[in-house]
Amino acid sequence: MNEKISLRTWIEAAAGQGVPLHTYLLKLSSEELELSEDAILEQMQAMLQVMEESAAFGLTGVSSHSGLTGGAAKKLQEASQAENYKNILGGVVNDAVAYAMAVGECNAAMGRIVAAPTAGASGVLPGVLLSLKQHYSLNERQMAEALVVAGNIGMVIANRASLSGAMGGCQAECGSGAAMAAGAAVDVLGGTPEQVGHAVAIVFKNMLGLVCDPVAGLVEVPCIKRNGGAAAQALLAAELALAGITSFIPADEAIDAMKSVGDRLPCTLKETAEGGLAQTPTALAWAQAYFAAPFFNASRFS
């Protein structure tokens, strides 16, 4: 596809028809995929089920095979339920962060996840949607419609820029996941198509330039906590957009700017583990010990 997809075009079309963005995009997807709207929503519901199962698995306190990460999501959830807990972020954000990290820990433990849009950013969208479902009593159809919006936002980003940390840094992974989640959140909470666009733009304004620097090349540190941070950024952007706060830079231009920044990032900051946190003394020492260990011993995978 040579011509760039424009989020603005879809937003203007939905606004012109006086319908929510999910209504317009569901009809558009139905026509392009030659599937009924119900069939598309069934597919979305199947993916949402996997997201819920991934979060539940992560919240058991599962650890990665490397032993580098695990248990953080469970710890946060348990702490937030304690009687004397000082909930700084508030329930919606706290739960979104816990769910996001839980899916990230599920991924690190080789559990089943939905790449949304990638494995490295797989917790952001589920974290936001599952928290909103819990706190706003969203039904299955609303959740599926939100996922349609998120998926189409991801398609625009993939077309105009990249979803890959190896291509654009973590701004292209967690940043894109957060943009998808922010747009979906605005739509499912009753925001206008224009507000969806502002939320997407705000996310990239706040996450522009984020590097991809996995310790030892594993999708664990800082990736799992970064999923939590991106979920919080998504909810912040949604909050601002729903309050009527606009972005001076339109969503499409913010996405294009992300691509421009990603193209200029050195390879050391794009998933190679040759820069950033991956090159700190602690990270290097751990990686040296990890790769010196009998990694291919079958007991490590039992």
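Where is the place of Met-155? Select Met-155 and you are in helix H7; helices here (H or I, at least four residues) are DSSP runs numbered from the N terminus. At 36% relative accessibility, Met-155 counts as partly exposed. The scale calls a residue buried under 20% relative accessible area, exposed over 50%, and partly exposed in between, with a 1.4 Å probe and protein chains only.

This is a predicted model, in which local features need pLDDT of at least 70, side-chain atom pairs count only at pLDDT 80 or more, and totals for chains, interfaces and linings use all residues. Residues are numbered from 1 along each chain as its sequence is written, and side-chain values use heavy atoms, with hydrogens and water left out.

The C-alpha atoms of Met-155 and Pro-281 are separated by 38 Å, and the two residues are 126 residues apart along the chain.

A salt bridge is a side-chain nitrogen of Lys or Arg within 4 Å of a carboxyl oxygen of Asp or Glu. Side chains of opposite charge can pair when their charged atoms come close. Because Arg-141 and Glu-145 are 4 residues apart in helix H7 (residues 140–160), about one helical turn separates them. Glu-145 counts as buried at 11% relative accessibility, while Arg-141 counts as partly exposed at 40%. Salt bridges that share partners also join Glu-52, Lys-133 and Glu-140 into one network.

Glu-52 is partly exposed, with a relative accessible area of 24%, and Lys-133 is partly exposed, with 22%.

Another pair to select is Lys-74 and Glu-78, whose side chains meet in a salt bridge (4.0 Å, N to O). Both lie in helix H4 (residues 72–80), 4 residues apart, about one turn of the helix. The structure holds 9 salt bridges.

Which loop holds Leu-189? Select Leu-189 and you are between helix H9 (174–188) and helix H10 (193–207). Leu-189 is partly exposed, with a relative accessible area of 32%.

Turn to the loops. Most residues other than glycine have a negative phi, and most peptide bonds are trans. Select Ala-116 and Pro-117: the peptide bond from Ala-116 to Pro-117 is cis, with omega near 10 degrees. Pro-117 is found in the loop between helix H5 (91–108) and H6. Met-110 is also placed in the loop between H5 and H6, and its phi is near 65 degrees, a positive value in a residue other than glycine. Met-110 is exposed, with a relative accessible area of 66%.

Select Val-221 and Pro-222 to see a cis peptide bond with omega about 5 degrees. Pro-222 is in the loop between H10 and helix H11 (223–242).

Methods: Helix = DSSP H or I, 4+ residues; strand = E, 2+ residues; numbered from the N terminus.
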